[in-house]
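Here's a quick briefing to keep beside the viewer.

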Amino acid sequence: MATIEVQGLTKRFGAVLAVDDLSFAVEPGMVTGFLGPNGAGKTTTLRMLLGLVRPTAGRALVNGVAYRDLAEPTRVVGAVLESSGFHPARTARHHLRAMATAAGVPHTRVDEVLDTVGLAADGDRRVGGFSMGMRQRLELARALLGDPEVLILDEPANGLDPQGIAWLRSFLRWFAGRDRVVLVSSHLLAEAAQTVDDVVVLTHGRMAGQGRLQELLRGAATTVRVRTPDAERLVPLLAAAGIRAARPAPDLVEAAATTPEAVGRVMADNGVLVLEMSSSGESLESLFFEMTGTVSGSAPAPPPPPPPAGAPSPGDDHGVGP
Amino acid sequence: MSRLLRAEVSKLRTVWSTWVLLGVTAVVVGGIMTLVGFAPHRRGVTDLLFPARGTAVWFDSALSVMTIAIDLALVLGVIMTTGEFRHKTVTPTFLVEPRRGRVVASKLVVGGGGGLVVAAVAGAVGLVFGFAVVGGGIGTAGRMLTEYRHVWPGVAAASVLFGLYGVGLGALLKNQAVSLAVGLGASAVVEPIVTAALPSVGRWLPGQAAQALESVTARPQASGFGTSVVHLVPWWAGALVLLGYGVVLATAGTLTTVRGDVT
């Protein structure tokens, strides 16, 4: 049975510890999301699994062996990588044929995979004229050449249009459904939430959490909002019960990192009148922020828009202008 | 291994740069031979550069333009390795064959074959224009063919080995522009200086080794500028030296740059 296993995997690029003693296993039959903020070490980990980057320590195994030791890697693992290249002057079909030849895959398979990814009509076009989404499809076509048991995809949704993303989602489900392994990295959490069954969350090169997405979401803390005329009274009552709460508006209470059950009990016990109650945050996004220790909206504010053309720039005040 | 060889051939066949390179070979050889063979005969420059038209020595000089194939074989070899890094096709290439030494080895073989193809194009065009010159009433076919046999075999052998040398150079340096500058600059600029100053060192450099190889069949005293061939190493040593440049550079590249992380 197909498996991916990472044991104590570590990669150091000079002074940067990109991946730090990472261990996890991926099971067949489901889509596993590999999530983490930018620079968390996702791509480096995937490239170590594929023998492209040499681990500083630890092991990255596919079906129990290192990628480099697979006799026919193309028939075991298909990989879709960012910044994987194409010669711009080569047609899509010729690109795939060269790869098929090297892999010992019959050329009839080239037409099949072009058809699978929806590029059948574009096979004889040069890749230099392809959109990013088309290149991504071509990359997937290459990954499928050897009819692999394991798919490793790094940000495969990049550049795909909404139809492409929906197609990719159903494709990955279909693929995993045949008891095969799918490990897919993504920074698009809303998209990942719809695609993956299992998640491995990475931050700063370390494991931040792993498990079934549904179980993780059930256990995740949520924000509970209550509209009540007793808002002023409710905040200290919640605090007494160990629930952190704030009053953003005179009749609104926001309780963080808790559950509707806990807040409801406090209100019932103290006879607080509830006009409206809602909970939010049972999302992969809030789970992600919780696991990675980052805060939603903590990114620096975007720079102000540039002044319209012809407007004086701040530098003009200093008399540098003509 | 044969799969990798066929894949490398397929990669070469499916990009325009290969065909442009062969086209350049044909145009340069044909163009210069036209110029030499059919330009109105004027006293002056051509007299200095070329002996009387139609003589054996004149044919030898005219046909020596085929040596351009050697430099272009180097370019082909360099492109084969550096092109993979430049266009990042090295990622899918190493995914298909993670044993990178095998990839470089197959490129060496195909680079040598590519060098032979470049030499074949130069040779075919040289032959066609050789006959055209003879048809134009200059010299005889027999004399032209005799000189052709003096020039082409050495050019072909050197081109094969320069194809390998280019693959090795590219594997070590990775960067296309740098590899071409080093490879072509070495034979155009560095070698003549070193050879002039230190012939005992210079004769082991690629260009001089190629000349040694060409000298096997070359016409005695073919060189027009009085540069004697006495300083050259024996032809077989030239061949081994060139093969060594290709293999040593490729091995060094495989153990250093090629072995590195593909990110």
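This is a predicted model: local features need pLDDT of at least 70, side-chain atom pairs count only at pLDDT 80 or more; totals for chains, interfaces and linings use all residues.

**Confidence**

- Chain A comes out with an average pLDDT of 86, and 89% of the residues in chain A score at least 70.
- For chain B the average pLDDT is 88, with 90% of the residues at a score of at least 70.
- As for the overall scores, the model gets an ipTM of 0.85 and a pTM of 0.82.

**Where chain A meets chain B**

- The contact draws on 29 residues from chain A and 25 residues from chain B.
- On the chain A side, helix H2 (73-76) and helix H3 (92-103) each put in at least two residues.
- H3(A) provides the largest share of that side, at seven residues.
- Sorted by class, the side of chain A that touches chain B has 14 nonpolar, nine polar and six charged residues.

**The two domains of chain A**

- Chain A splits into domain 1 (4-214) and domain 2 (220-292).
- Taken over C-alpha atoms, the centres of domain 1 and domain 2 of chain A are 41 Å apart.
- Where they touch, 11 residues of domain 1 of chain A are in contact with six residues of domain 2 of chain A.
- Which elements of chain A give two or more residues to the domain 1 side of this contact? They are helix H7 (189-195), strand E8 (198-203) and strand E9 (206-212) of chain A.
- H7(A) gives the most to that side, with three residues.
- The domain 1 side of this contact has eight nonpolar and three polar residues, and no charged ones.

- The axes of H7(B) and H8(B) come within 7 Å and cross at roughly 155°.
- That crossing angle is over 145 degrees, so H7(B) counts as roughly antiparallel to H8(B).
- H7(B) goes past H8(B) in a right-handed crossing.
- The residues in the contact of H7(B) with H8(B) split into 20 nonpolar, 10 polar and one charged.

**H8 with H12 in chain B**

- Helix H8 (residues 141-173) of chain B packs against H12(B) at an angle of about 20°, with the axes 7 Å apart.
- An angle under 35 degrees counts as roughly parallel, which is why H8(B) and H12(B) get that label.
- This crossing of H8(B) and H12(B) is left-handed.
- On the H8(B) side, the residues that meet H12(B) include Ala157(B), Leu161(B), Leu164(B) and Tyr165(B).
- On the H12(B) side, the residues that meet H8(B) include Ala239(B), Leu242(B), Leu243(B) and Tyr245(B).
- By class, the contact of H8(B) with H12(B) has 17 nonpolar and four polar residues, with no charged ones.

**H7 with H12 in chain B**

- Helix H7 (residues 100-135) and helix H12 (residues 235-255) of chain B have axes that come within 10 Å and cross at roughly 155°.
- H7(B) and H12(B) are therefore roughly antiparallel to each other.
- The crossing of H7(B) past H12(B) is right-handed.
- Arg100(B), Gly101(B), Val104(B) and Leu108(B) of H7(B) meet Gly246(B), Ala250(B), Gly253(B) and Thr254(B) of H12(B).
- That contact of H7(B) with H12(B) has three nonpolar, four polar and one charged residues.
- Gly246(B), Ala250(B), Gly253(B) and Thr254(B) also turn up among the H12(B) residues that meet H8(B).

Technical notes: Residues are numbered from 1 along each chain as its sequence is written. Chains are lettered from A and ligands numbered from 1 in the order in which they are written. Two residues are in contact if their C-beta atoms, placed from the backbone, lie within 7 Å. Helices (H or I, at least four residues) and strands (E, at least two) are DSSP runs, numbered from the N terminus. Ala, Val, Leu, Ile, Met, Phe, Trp, Tyr, Cys and Pro count as nonpolar, Asp, Glu, Lys and Arg as charged, and the others, Gly among them, as polar. Domain bounds come from an automatic or database domain assignment. pLDDT is the predictor's confidence in each residue, from 0 to 100. Axes are lines fitted to C-alpha atoms, for helices over the stretch in contact, and angles run from 0 to 180 degrees between N-to-C directions. Angles under 35 degrees count as roughly parallel, over 145 as roughly antiparallel, 65 to 115 as roughly perpendicular and the rest as oblique. A crossing is left-handed if the near helix is turned anticlockwise from the far one by less than a right angle, and right-handed if clockwise.
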